[in-house]
Every structure is written in C-alpha cells, then in structure tokens.
Amino acid sequence: MRHTIVVLVENKSGVLARIAGLFSARGFNIDSLSVGETEDFTISRMTIVVRGDEQILEQVMKQLNKLIDVIKVSDFLNVRHVERDLVMIKVKANSSTRSEILQIADIFRAKIIDVSAKTLIIEMTGNKDKIEALIKMLQPFEIEELARTGIIAMSRGMNKTKIEN
Amino acid sequence: MKLTGSQIFVECLKEQKVEILFGIPGGVLLPIFDALYDAPIKFILARHEQGAAHMADGYARVSGEVGVCIATSGPGATNLTTGLATAHMDSIPMVAFTGQVATSLIGNDAFQEADTTGITRSITKHNYLVKDVKNLAKIIREAFYIARSGRPGPVLIDLPVDVQKAVTEFSSSGKKVEIRSYKPNCSGHLQQIKKAVELISKSKQPVIYAGGGVVLSGGSEQLRELAEITQIPVTTTLMGMGSFPSYSELFLGMLGMHGTHYANFAMQQSDLIIAVGSRFDDRITAKIDAFAPHAKIIHIDIDPTSIGKNVKVDIPIVGDVKNVLKKLNETVFQEKDKFRKNRLEKWHEQIKKWKENNPLKYKEDDKLRPQFIMEKIYEATKGKAIIVTEVGQNQMWAQQFYKYDYPRHFLTSGGLGTMGYGFPAAIGAKIACPEKLVFDIAGDGSFQMNIQELATAAQNKIAVIVVVLNNNCLGMVRQWQELFYEKRYSATVFSGNPDFVKVAEAYNLEGLRITKKEEVEPALEKAIAMKKTVVLDFNIEKEENVFPMVPAGVPLDEIISGLA
C-alpha cells in the first residue's frame, strides 16, 4: 500500500538526517521525500511517500513520532487531499521537432522555461500519472535531463495539518 | 551575568544537581577542564572512555539520577559509543558531553575530528551539536529533561572548543523545560485500564511478565500489590530482576532463553499475559510464531513503539508503569469481588508442579562450580549486595543463583549485551551507593575488556569485589560450539590469560585465587572485610554450561535441561 505521510518538524539542522536514518535503519524504501519551510519559519514540512504493509507502516509512524524534533505526523491514506509533483524536463529539440514538442506541452498545460538551438526545458506540475504521461510522450524526442521535486500534499477544505495546542 | 561556555557548563551541571562526572580530558576540552578545576563537582578520571560511560550508567541505574560523562573529540567520542549504545538499549538516563573541534574547522578533517552527532544519532535518545554559546544553557537543560523523562535514555551534547571559550549572558533558570515536539504521555488511558481489569478478571491462567520499565519507573511496590491482590504469578526479564521479590510464592524467576522451566511453561500455557515495562525481545519470545499461542496480551509501556512491535497486543496502555499500575490496582480494588482468593487455584497447582519437577539445579560434587559460588555470595551478603554482571555465562549464573529482592540491585547490559560493562558499571554503582557491597560477576573474557579501570578503582579508593569466574575461555560462545557446532572450539579458548591475582597486586589492589569449594566462603569473607577492590580469581570447571536453555529458533517451551 502506498502512503503519503506529512511530517511537521523543527526547522533545525540534522532533522532530515534523523528521519532518513530512521527509514534506512529499518530497510525501508522511500519513494519520494520533499522538505520545505512552512508558514511558520521555525517549522519545516516533509512529505514522504512510502510503500509497505500496515504493521511496518504503523511502526514507522510511531518511530517518527518518537523523534524529539518531530512535532506532528499524519498519514493521508484516508484523508481527502491533493498531491502535486513538479518536474523539469530538458528535451532535445531542433527546428523540425520543436513545434511538435510545443504542442504536446500545450496539451499538458506545461510551460516552456528555457529554449536553445538544440533543447527545450519544460516545466509541469501535476500528480504522478500526469507527469508520467508527459514523460512518455517526450521520450521519443530524447530526454537529456529530468528533475522532480517529489510529491507534496495538502488536505482539502478545513482539515489542517497543524500543531494542535 | 556574562559567562564563558565552560562556566555555563559548570553552572548548568550545578543547576541539575550533578555531583559527579566520569570521563577523560583532551585537547578540545581544556577550557571545560579548567572550569572544572575548582568546581564543586567530583571528577572520576577513567582510563578509557568506554569505562567512563559505563560508570555513569552504573551510577544512574543505582541512584535513579542522570549519569554524566565527558570525553574529548574524535577517538574520545568514538570510544564512548559502546557505552551510549548500552545505555540506549536499556533505557538508562545519561547525559554525555563530547569535545569537538572549533566550529570553523568542523567538516575539515581536522585533528581528532569525528562527526560525533552523526555517529551517535542512532544510539542516543537525542543529540545536539552546540554551534552558538547563546543556546548552550537551553540545550543542557533540555538534554537532562529528555534523558530522564518519558522512556529514559542517553543524550549527547557535542561542544566545539570555541563555544566553550565564547562569552554570553547567563541567568540561572527555575523554569520548567518545555519542548513543543516532545510531550511523553505518562498517565495511561483510564478506559483502557478498565478494559484490562475486565480481561484480567476473566482470565484463568494469567501471567505478569515484568521488565526493566518497572525498575525505571519505581513501580516495584505497585507491581507487588497487583500480583498480591489478583494472585497472578510473576515472571521477570533479565532487566526486571529485583522488581518483584524472589521470596514470593508468586515468583516464577526469569523467563526466556535461560529462564526457568516454570516461567516458560507458564507463558506458553497462559490465557493472558500482562506485560509491564517489557518489550517482547527475541530472547523472551523464542520462536515468535509459536509464542504463547492461547494468550491475550495487555501491554503497559511508556514507549508506544514498543507496543505491537513484535507481538499483536489486545489492550495497549501507553503510560508510565508506576502511574498505570496505581490506577489499575485502584480499579481492581473497586471490583475486588471479581478477584476471589482461590479463583486461580488450579493454575497455582499446575505451576507448583512445574516448580517441583524442574527446579534450577547444577551438579553438586566436589568440583568448583560457578553456581555454587553465586549461592555462597548470596549467603555471605544476605541478598543485600548490588550485583553487577558482565555478559555471557557469568551473567546468566549471576541471575539464576543469586536471589534478587530489591530493585536497582541487579545491573547488567541486557539489551546490547556489552562484555566489559560490569567492572566500570560496578565502580559507578559503588560511588552511587558507598554503603552497599558491590560485586562484579565477571568472566575472564569480559573482565579483560575493561580491566584497565582497576587503576580508576585504585586512584579513587573504590571498593568493588570482582568475581572472575575463570574458565580460560569465552564460555557462552564455547557452550554454543559444544552444543551446536560439534565441539569445534573456534577462537574461544584462551591460552594467554594473565595471573589475575598479580594483575590486581600490580595496581596495588588485592587478589585471591580460589581453586576449591571449601576456599569459597573464607575468600568471600576476606574480600568483604578488605574495603578495597579485590579480584577473586575462581578457577571454575571449564566445561560448565548454562542450563536450562531454549536454543535459537524453537518455541519457548522446548527446553534443554542439561542434567539428566
């Protein structure tokens, strides 16, 4: 089962290493992990996507909670939420292929953020499926480089992933 | 007032009522040791940082206070790690300070530099690298709070040399430490407790399985009360020894790999296990799929990660053992008509039979056997001594053939199984409790892993009785080779052992050699009277084994008895 876990942590050095260490010490693979500051600069928000059976995941959630610098852990499995991933793709493009690539980008509502005589950089946000579809469409043109931020997630409506006092 | 980092270090230790510090100085700790020179804190100079860490650990286990140790950067810090991991596995409250190279040099592969917070991250409850002197006081206060609260454990603070010298404003604080991301739940959920009492009242073959958490929380009295009002038999783990009095009819001894037959049988046949401050470690469950097949499980523990980790739990109760047991006992008392005295009569009879048929025993002949020595130590001390062990056969014999009636009187590296733990921990224990007799029950293998601390005992005039159960080999591994590897004694037999009596004498301490049964009593009497560290070299039977034994990978009740 795929789980999206949102972790609020103290914005201090070493916290990422603690969390990564917790996963690696238990032989647990992380699909993606993204970190950034939140509305409160003392708190960072991590979104971790993992796969594993329920028992192992429960243990991981408890272990995360046990870390001193972790403020709150939420599993989004049964929470209505939106997920986004951002991708940048540098694809080979010359005068004969450029317009076709632009068309594809247009269909996906992706943006062109750099252009050169031989390449284009395309930026797109979306969920995993949409990003993978775009990658598939661009593969025939030869992808030179690809970078993704990893998934970030937020619950819909008034459900907040905030610290409760 | 303006103080240097080193002065703040001293002020904060005073604030935490630290009276004693174990460690070894080094280049990057010079500012701190200069501040310690006239501070009202006693410093015990160890001979190896691992020794210092185990001393702080032994001190903490006996006193219930936070043990404090200090080591220099690089090799000092790496030497400390075994001691930290030992304390971490056994949930012992400790604060360790390490020196670090100047902040400007961190990451440059400077002289005696190691990434101490990186290395110790997984063997401490928490750790800090202090980069700004302004945060130092707050960090030290937090460290002590984290070490002693919740599930206790070691916390490390890495102190760069420039931070020790830097000056900042310091004010002493009476404020309680508040950490928004760390709020251990100590109280125990009342609804869960009520459900537990209901389940207990319905059980016909219940067992209480108590661990180190009972000792750490100070809940021994509550445990005894629970057992007495419900008449439920009690088995303890190695870490739980002393949390329940051995003289009680309800006591089953230790369970697990070298546990008693009756404790293991009772676990396997039980319909309800009440786990109290214990964690279903692999040495306890044996083959996990076959563990206690008919039992429902109530699990009381302060650490939610311990619950449901190895076995499925029916009623989890997160909270401090003492608090939860208090509430549990109150609830039992309110419903005492459900707990008639003779309600478990059949179960008690069954256990009595098991006890009669399978007592702990050893071959009683004219040979010098370790079990006999332990029994004699018990007689000589009337069970009132603090027994510290090394790891291996000595540890198991010490557990089996000495009776433990009081908490904080049996110190052993239960989780990590650290050979070399016993002697330095015994030194720490004696410092915490100078009026008690302290024994280190050792093997010739493990004693040699921290034998250098004889100098620490000599310099500080600390009286520990070291009982070397000397069989000239690494006994526990040799036992496994005998039983499971066709007696192919690969690398377990020593031929280079020193004369331990002479070693003691070389440090200006006492040494005695005992080779016959009849010499045991007089030797113990002599050692107790000496009031200084004595090494007793007992030349025991080489091929003596620890039984009963549940080999790896079989169910808990498939026990090898040893003696036909």
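**Figure 1. Contact between domain 1 and domain 2 of chain A in the predicted model.** In this predicted model, 6 residues of domain 1 of chain A are in contact with 5 residues of domain 2 of chain A. On the side of domain 1 of chain A that touches domain 2 of chain A, strand S2 (30-37) and strand S3 (43-51) of chain A each supply at least two residues, and S2(A) gives the most, with 3 residues. By class, that side of domain 1 of chain A has 2 nonpolar and 4 polar residues, and no charged ones. Domain 1 of chain A covers residues 2-75 and domain 2 of chain A covers residues 82-152, and 29 Å separate the centres of these two domains, taken over C-alpha atoms.

**Figure 2. Chain A and its secondary structure.** Chain A contains 4 helices and 9 strands, which follow the pattern β-α-β-β-α-β-β-α-β-β-α-β-β when read along the sequence. Taken along the principal axes, the C-alpha atoms of chain A fill a box of roughly 60 × 35 × 30 Å. Of the 165 residues of chain A, 24% count as buried. Among the contacts in chain A with a separation of 6 or more, 76% are accounted for by residues 24 or more positions apart.

**Figure 3. Contact between chain A and chain B, with the side that belongs to chain A.** This contact takes 16 residues from chain A and 13 residues from chain B. Helix H1 (15-25), helix H2 (54-66) and strand S4 (70-75) of chain A each supply at least two residues of the side of chain A that touches chain B, and H2(A) gives the most to that side, with 5 residues. The residues of the side of chain A that touches chain B divide into 6 nonpolar, 4 polar and 6 charged.

**Figure 4. Contact between domain 2 and domain 3 of chain B.** Chain B is divided into domain 1 (2-169), domain 2 (190-357) and domain 3 (370-539), and the view is concerned with domain 2 of chain B and domain 3 of chain B, whose centres, taken over C-alpha atoms, are separated by 31 Å. Their contact takes 13 residues from domain 2 of chain B and 12 residues from domain 3 of chain B. On the side of domain 2 of chain B that touches domain 3 of chain B, 7 residues are nonpolar and 6 are polar, while no charged residue is present.

**Figure 5. Packing of helix H10 against helix H13 in chain B.** Helix H10 (residues 220-230) of chain B and helix H13 (residues 321-334) of chain B pack at an angle of about 25 degrees, with their axes 9 Å apart. Because angles under 35 degrees count as roughly parallel, H10(B) is described as roughly parallel to H13(B). The crossing in which H10(B) passes H13(B) is left-handed. From H10(B), the contact is made by B:Gln222, B:Leu223, B:Glu225, B:Leu226, B:Ile229 and B:Thr230, while H13(B) provides B:Lys322, B:Leu325, B:Lys326, B:Leu328, B:Asn329, B:Val332 and B:Phe333. The residues of the contact of H10(B) with H13(B) divide into 7 nonpolar, 3 polar and 3 charged.

**Figure 6. Helix H17 of chain B and its buried residues.** In helix H17 (residues 422-432) of chain B, 11 of the 11 residues are buried, so this helix is largely enclosed by the rest of the structure. Among the buried residues of H17(B) are B:Gly422, B:Phe423, B:Pro424 and B:Ile427, and also B:Lys430.

Technical notes: Residues are numbered from 1 along each chain as its sequence is written. Chains are lettered from A and ligands numbered from 1 in the order in which they are written. This is a predicted model: local features need pLDDT of at least 70, side-chain atom pairs count only at pLDDT 80 or more; totals for chains, interfaces and linings use all residues. Domain bounds come from an automatic or database domain assignment. Two residues are in contact if their C-beta atoms, placed from the backbone, lie within 7 Å. Ala, Val, Leu, Ile, Met, Phe, Trp, Tyr, Cys and Pro count as nonpolar, Asp, Glu, Lys and Arg as charged, and the others, Gly among them, as polar. Axes are lines fitted to C-alpha atoms, for helices over the stretch in contact, and angles run from 0 to 180 degrees between N-to-C directions. Angles under 35 degrees count as roughly parallel, over 145 as roughly antiparallel, 65 to 115 as roughly perpendicular and the rest as oblique. A crossing is left-handed if the near helix is turned anticlockwise from the far one by less than a right angle, and right-handed if clockwise. A residue is buried if 20 or more other C-beta atoms lie within 10 Å of its own, exposed if 12 or fewer, and partly exposed in between; C-beta atoms are placed from the backbone.
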